[in-house]
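Please read it alongside the sequence and the model.

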Amino acid sequence: QLQLVESGGGLVQPGGSLRLSCVGDGFTRDYYAVGWFRQAPGEEREGVSFISRSGDATHYADSVKGRFTISRDNAKNTVYLEMNNVKPDDTAVYYCAAVVSYYADYIETNPRLYDYWGQGTQVTVSS
């Protein structure tokens, strides 16, 4: 059973930056593709960014492309989401999720196919 723990959320001003971390205790033991999702109050869950188990393949939602960067350090069991030039529309609870991956560059964008989810971290963008 993989456990995921997110951290790094908080209050940030528009135009500012924030880095979220997702620690998965099995990232180096097994092979997982990872995704970041977010959900704002009254809204559906939205896929934000995704990374393959190798870290060589990534994918971004159009709403964050050019502003967010996903990366991973498997030696530290951690996936990061660097958020730059944040906007009020980025306000949401951010979740990381993982799915077993048999291919090094496999990307999964469908949240229904993810097996493991963290508890979420709140990001609020406000002046």
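A disulfide is taken here as a pair of cysteine sulfur atoms within 2.5 Å. The model is predicted, and local features need pLDDT of at least 70, side-chain atom pairs count only at pLDDT 80 or more, and totals for chains, interfaces and linings use all residues. Residues are numbered from 1 along each chain as its sequence is written, and side-chain values use heavy atoms, with hydrogens and water left out.

A search of the whole structure finds 1 disulfide, formed by C22 and C96 with their sulfur atoms 2.0 Å apart. The torsion about the S-S bond of C22 and C96 is about 60°, so the disulfide is right-handed. Because C22 lies in strand β3 (residues 18-24) and C96 in strand β9 (residues 92-100), the pair ties together parts that are 74 residues apart in sequence. Strands are DSSP runs (E, at least two residues), numbered from the N terminus.

| Residue | Relative accessible area | Class |
|---|---|---|
| C22 | 0% | buried |
| C96 | 0% | buried |
| N77 | 18% | buried |

N77 lies in the loop between β7 (68-73) and β8 (78-83). Leaving aside its neighbours within four places in sequence, N77 is in contact with C22, V23, G24, D25, F27 and T28, contact meaning heavy atoms within 4.5 Å.

A nonpolar core is a set of buried Ala, Val, Leu, Ile, Met, Phe, Trp, Tyr and Cys residues joined through side-chain atoms within 4.5 Å. The largest such core has 28 residues, of which F27, W36, L81, M83 and Y94 touch the most other members. At least two residues of this core are supplied by each of β3, β4 (32-39), β5 (46-51), β7, β8, β9 and β11 (121-125), and the largest share, 4 residues, comes from β9. A second, separate core of 6 residues includes F50, A97, V99 and Y114.

Two strands pair if DSSP finds at least two bridges between them. An open sheet of 4 strands has the order β1-β3-β8-β7, with antiparallel pairing, and its edge strands, β1 (4-7) and β7, each pair on one side only. Within this sheet, β3 and β8 run antiparallel and are joined by 6 bridges, and L18 stands opposite M83 in β8.

Terms used
Buried means under 20% relative accessible area, exposed over 50%, partly exposed in between (1.4 Å probe, protein chains only).
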